[in-house]
Amino acid sequence: MSDDALAAQIRDILIRQAPDDPCITYRELAEQLGLQPPGTIQRVAVALEQTMREDVAKGRAMIAALVVSRVGEMPRPGFFDLAVALGRFPDDPAQHHDAWKAECLAIRREQTCSRVGPVCGPGTL
């Protein structure tokens, strides 16, 4: 499977996550994709980085924020590094947790708006 196809499949899986429990681990995502070792988590990470670049370029919340590590229940450091490099998160690591939470809320808002339609906008959620 190409990187583009893998990124598209990841986006589809993440969009379908339940609103009340939207996060998924890297391993769970790899399993849903049917990826086999070795290198499954690395392939997932590369594809997630692609979705981050696409989302930032299109002014969307980074859907990759929904993928977390089993340990710590937050994305891995590479997520934060790229979010900073893309200008989405502040340089200060002490601010990353709050920035990540805000990104998760933005994803939820975007997903809700896409279901509700044009009556949904800033300040309506």
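Residues are numbered from 1 along each chain as its sequence is written, and side-chain values use heavy atoms, with hydrogens and water left out.

**Exercise 1.** Determine how the axes of α2 and α3 are oriented to each other, and which residues meet.

*Solution.* Helices are DSSP runs of H or I with at least four residues, strands are runs of E with at least two, and both are numbered from the N terminus. Axes are lines fitted to C-alpha atoms, for helices over the stretch in contact, and angles run from 0 to 180 degrees between N-to-C directions. The axes of α2 (residues 26-33) and α3 (residues 40-57) come within 9 Å and cross at roughly 95°, and the two helices are therefore roughly perpendicular. With contact meaning heavy atoms within 4.5 Å, Tyr26, Arg27, Leu29, Ala30 and Leu33 of α2 meet Thr40, Ile41, Val44 and Leu48 of α3. By class, this contact has 7 nonpolar, 1 polar and 1 charged residues, where Ala, Val, Leu, Ile, Met, Phe, Trp, Tyr, Cys and Pro count as nonpolar, Asp, Glu, Lys and Arg as charged, and the others, Gly among them, as polar.

**Exercise 2.** Carry out the analysis for α1 and α3.

*Solution.* Helix α1 (residues 3-15) packs with α3 at an angle of about 75°, with the axes 9 Å apart, so that α1 and α3 are roughly perpendicular. The residues of α1 in this contact include Leu6, Ala7, Ile10 and Leu14, and those of α3 include Val44, Ala47 and Leu48. The contact divides into 8 nonpolar, 2 polar and 6 charged residues.

**Exercise 3.** Decide whether Tyr26 is buried or exposed, and list its contacts.

*Solution.* Buried means under 20% relative accessible area, exposed over 50%, and partly exposed in between, with a 1.4 Å probe and protein chains only. Tyr26, found in α2, has 7% relative accessibility and therefore counts as buried. Leaving aside neighbours within four places in sequence, Tyr26 is in contact with Ile41, Val44, Leu48, Val67, Val68, Ser69, Pro75 and Arg76.

**Exercise 4.** Describe where the buried residues of α4 lie around its axis.

*Solution.* In α4, Phe79, Phe80, Leu82 and Ala83 are buried. They cover an arc of only 165° around the axis, which puts them on the same side of α4; the arc is that of the directions from the helix axis to the C-beta atoms. The face turned away from this buried side carries the exposed residues Pro77, Asp81 and Ala85. Phe80 is also one of the contacts of His96, a residue of α5 that counts as buried because its relative accessibility is 11%.

**Exercise 5.** State where confidence is lowest and highest.

*Solution.* The predictor's confidence in each residue is pLDDT, from 0 to 100. The chain has a mean of 87, and 90% of its residues reach 70 or more. Confidence is lowest in helix α5 (residues 96-116), at a mean of 83, and highest in helix α4 (residues 77-85), at 97. Over residues 115-125 the pLDDT is below 50. Where pLDDT is low, the predicted coordinates should not be read in detail.

Definitions and conventions:
Predicted model: local features only at pLDDT ≥ 70, side-chain atom pairs only at ≥ 80, totals over all residues. Parallel < 35°, antiparallel > 145°, perpendicular 65-115°, else oblique.
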